[in-house]
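Please find below my notes on the model under review. They are set out as numbered points, each on one topic.

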Amino acid sequence: MTEHRLIRNLRSSQAWRSVFRIGIPQSSRDRIAVILSSVFLHLHPPRVSAASIRIRRTYCMGGLAFLAFLILTITGLLLMFYYRPTPERAYGDIEDLAHVVPFGSFLRNLHRWSAHGMVLLVIAHMVRVFHAGAYRPPREFNWVVGVLLLALTLFLSFTGYLLPWDQLAYWAVTVGTNMAAAAPIFGHEGPFALVSEDADVRALLLGDRVVGAGALLRFYVLHCVVVPFVMVLLLAVHFYRVRRDGGVAARY
Ligand code: HEM
């Protein structure tokens, strides 16, 4: 009895009502008002068709890709406390994380596996969206935003690959950036090259002609600051558009 009264008093308090303005919804109209007055819930359109919220419609691939992104952000921030992006320190810091820092190996593996998972989930999400025909109007703009998100997800993986500064990382990035040097127009070895060896896309990535201290620093800043920042902006646009386009496409 006292428990009920406590809950009733809490619900009628000024503090509670300032957060939950509508209270328990009694009608469809109230339900719409609840969605529209909450910063979190209003990401969903006020009306969605029952068909579009079935798990089989999306398999929650986009949501799971976003969950992987959140795990990567949190574990990445924690890894930044231990990792120094210089050729003298980088490899040793990763070894320390694996063998000395408490839970360091768990942290690093969680980051690595979430990164692999995110790439797979984003591709699966794209296949699902394609199969649903959700690239068609009015969702064509969101499809383009998605393509940018896919490119950035792959670029995040690529920039992260150099950071352990071991042989695998060094030579993989050497191969990858040499491929960039062979790109059309912007690579000095590519067809219709417009730029010199010191000003092409490889030089832009490495800050040099070979993988060295400059490249490690550039990849670190791109991996930890620039790409995640741009991704957060694009994700906000992506989610906003899902809502504005009427939620997940209902019909195939
Ligand atoms: C970081 C990567 C991405 C995240 C976190 C993400 C997240 C989401 C979420 C949560 C949804 C709503 C529910 C769902 O469909 O699962 C969605 C919808 C959508 N996404 Fe993505 N997405 C990403 C990448 C992509 C890519 C690569 C494409 C396509 C090239 C894409 C195109 C779309 C489209 C067109 C919709 C609307 C689907 C519909 O109305 O049925 N997204 N996204």
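1. Is V119 buried or exposed? In this predicted model, V119 is buried, because its relative accessible area is 18% and the cut-off for a buried residue is under 20%. The residue belongs to helix α7. Leaving aside residues up to four places away in sequence, V119 touches T153, L154 and S157. Its C-alpha atom is separated by 9.3 Å from that of A68, a residue 51 positions away along the chain.

2. The metal site deserves a close look. The iron atom of the ligand has two protein donors, H125 (NE2) and H238 (NE2), lying 2.1 Å from it. H125 is located in helix α7 (residues 104-131) and H238 in helix α11 (residues 213-244), so the pair ties together parts of the chain that are 113 residues apart in sequence. The site has six donor atoms, with angles of 85 to 180° among them, and is octahedral. For six octahedral donors, the ideal angles are 90 or 180 degrees. As to accessibility, H125 counts as partly exposed at 21%, whereas H238 is buried at 12%.

3. Helix α11 also contains V225, which is one member of a nonpolar surface patch. The patch is formed by L217, V221, V225, V226, F229, V230 and L233, and together these residues have about 600 Å² of accessible area. V225 itself is partly exposed, with a relative accessibility of 48%.

4. The peptide bond joining P137 and P138 is cis, with omega at about 5°; P138 is situated in the loop between α7 and α8 (140-162). W165 is not a glycine, yet has a positive phi of about 55°. This residue is placed in the loop between α8 and α9 (167-181), and W165 is buried, at 17% relative accessible area. F192, likewise not a glycine, has a positive phi of about 55°. F192 lies in the loop between α9 and α10 (201-206) and is exposed, with a relative accessible area of 70%.

5. Turning to charged pairs, side chains of opposite charge can pair when their charged atoms come close. The model has five salt bridges. One of them joins R84 and D93, at 2.9 Å from N to O; R84 is partly exposed at 41% relative accessible area, while D93 is buried at 4%. Another joins R241 and D245, at 3.4 Å from N to O. Here R241 is partly exposed, with a relative accessible area of 24%, and D245 is buried, with 12%.

6. The salt bridge between R202 and E197 has an N to O distance of 3.2 Å. In this pair the arginine, R202, is buried at 7% relative accessible area, and E197 is partly exposed at 30%. Both residues take part in a network of salt bridges that links E197, D198, R202 and R209.

7. Finally, a remark on helix α4, which spans residues 55-58 and includes T58. T58 counts as buried, because its relative accessibility is 17%, under the 20% cut-off. Apart from residues up to four places away in sequence, T58 touches R128 and V248.

How values were computed: Residues numbered from 1 in each chain as written. Predicted model: local features only at pLDDT ≥ 70, side-chain atom pairs only at ≥ 80, totals over all residues. Heavy atoms only, no water. Helix = DSSP H or I, 4+ residues; strand = E, 2+ residues; numbered from the N terminus. Buried < 20%, exposed > 50% of the residue type's maximum accessible area, 1.4 Å probe, protein only. Contact = heavy atoms within 4.5 Å. Donors = N, O, S within 2.8 Å, 3.2 Å for Na, K, Ca; no water. Tetrahedral: all angles 85-135°; square planar, octahedral: opposite > 155°, others 65-115°. Patch = residues over 30% accessible without salt bridge, like charges linked within 9 Å, V, L, I, M, F, W, Y side chains within 5 Å. Areas by Shrake-Rupley, 256 points an atom, 1.4 Å probe, with all protein chains shown as cover. Salt bridge = Lys/Arg side-chain N within 4 Å of Asp/Glu carboxyl O.
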